[in-house]
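This report describes parts of one structure for a reader who has not seen it before. The sequence and the model come first, and the description follows.

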Amino acid sequence: MKKIAVVFGGDSLEHDISIITGLYVLEELEKNNISYLPLYLSHENVFYTGNALLNKDNYEKKKHFIRGEFVHKNGYYQFKVKRRCIDIDCAILCVHGKGMEDGKLKALFDFMHIPSTSSSVLSSALIQDKYFSKIIMKNANVPVVDAFFLRKGDKIEIPENFEFPLIVKPTNLGSSIGVKKVNNQKEFEEHLTLAFNYDESVIVEKVINNLKELNIAILGDATNYQISEIEMVNSSDNVLSFSDKYELFRSKFDGHVIPARIPKSVENDITNIAQTVFKLFNVKGVLRFDFLLDSKTKEVYLNEINSIPGSLAFYLFKNLDISFIDILNKLIEIAKKEYKENRQLISKYEHSSLKTLTRKK
């Protein structure tokens, strides 16, 4: 019997958050009697499986984890554990962050011709880069916060139209890792040193006053999608830290207001912008769009896009009678559809160029 692989972990700063998402998904598949294969990817990019993966307390020492690998057998790729080879029907990707969510893991499953969830390699890579995605959105008249870009080793200069306080962010990271509001030149330069330990580039943004953070998710593909409710993540005028959002496996619902209590005009703006960007990047699966709101002016800005959001944003659809297992089934359906369409494309040319080559004497 083919199994649904749940892939999580990976060599990313968001490794532990990915484990949380993976455990949520595994629990849901277990409750619904769906045959699954847990696949934990360590920081060393080694795949492990086994029932021990279902207990979060085992991860520190990898207690009873069983090492495995993908092998090409009988004309296709299978996952080999000891002497047993397991067929995979579809891979649900539950990875987050640079090197994982940016399409690199998606590319591996594409290479092995195994259907996998999330957007294409190109779309995922563009979304992960906060600066280049901002350029694309700005060119499409999507409201984004003004920013400038610095690479490690660049001369530290602040453009004339920027003034403190400013927000400094590593370009390719998520989960608020390395994000800080800086109030003067000294803080700015000190935090740049820290941020460049996380990423080779940073973006520096203007601060939004009277800040409220709002999220919305979309499930589906270009031909058929469902929009979630809007949540208010943070009702205070500050930037959330990594600890605020995720540490201690705290419930994703803590401190969140769903649906957000916002004017109808703001709700419409957020919904319309999210749909526009969903189509602009030609994405698929379940994505979360994070917005910043100036609560006085009612101006909204798209802050970033999460191609594989934490816990797959299942909680945003709960009040719409879309269950977590409904989301997982939809993700699998989309992945198989994409796989079938790609396999129907011509990949072999009828007249081989090799026949026209002549060997030099």
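Helices H1 and H8 are roughly perpendicular to each other, a term for angles of 65 to 115 degrees. Their axes come within 10 Å and cross at roughly 100°. The table lists the residues in contact (heavy atoms within 4.5 Å).

| Helix | Residues in the contact |
|---|---|
| H1 | Tyr24, Val25, Glu28, Leu29 |
| H8 | Phe324, Ile325, Leu328 |

These residues divide into six nonpolar, no polar and one charged. Ala, Val, Leu, Ile, Met, Phe, Trp, Tyr, Cys and Pro count as nonpolar, Asp, Glu, Lys and Arg as charged, and the others, Gly among them, as polar.

This is a predicted model, in which local features need pLDDT of at least 70 and side-chain atom pairs count only at pLDDT 80 or more, while totals for chains, interfaces and linings use all residues. Residues are numbered from 1 along each chain as its sequence is written, and side-chain values use heavy atoms, with hydrogens and water left out.

In helix H4 (residues 130-139), Lys130, Tyr131, Ser133, Lys134 and Met137 are buried, meaning under 20% relative accessible area (1.4 Å probe, protein chains only). They lie on the same side of H4, because they cover an arc of only 160° around the axis. Their cover includes helix H3 (121-128), strand S8 (147-151) and helix H7 (264-280). After H4 comes asparagine 141, with a positive phi near 65°.

Serine 42, in the loop between strands S2 (36-41) and S3 (47-49), is buried, with a relative accessible area of 0%. Its C-alpha atom is separated by 5.2 Å from that of glycine 10, 32 residues apart along the chain.

Definitions and conventions. Buried < 20%, exposed > 50% of the residue type's maximum accessible area, 1.4 Å probe, protein only. Helix = DSSP H or I, 4+ residues; strand = E, 2+ residues; numbered from the N terminus. Arc of directions from axis to C-beta. Axes fitted to C-alpha atoms, helices over the stretch in contact; angles between N-to-C directions. Parallel < 35°, antiparallel > 145°, perpendicular 65-115°, else oblique.
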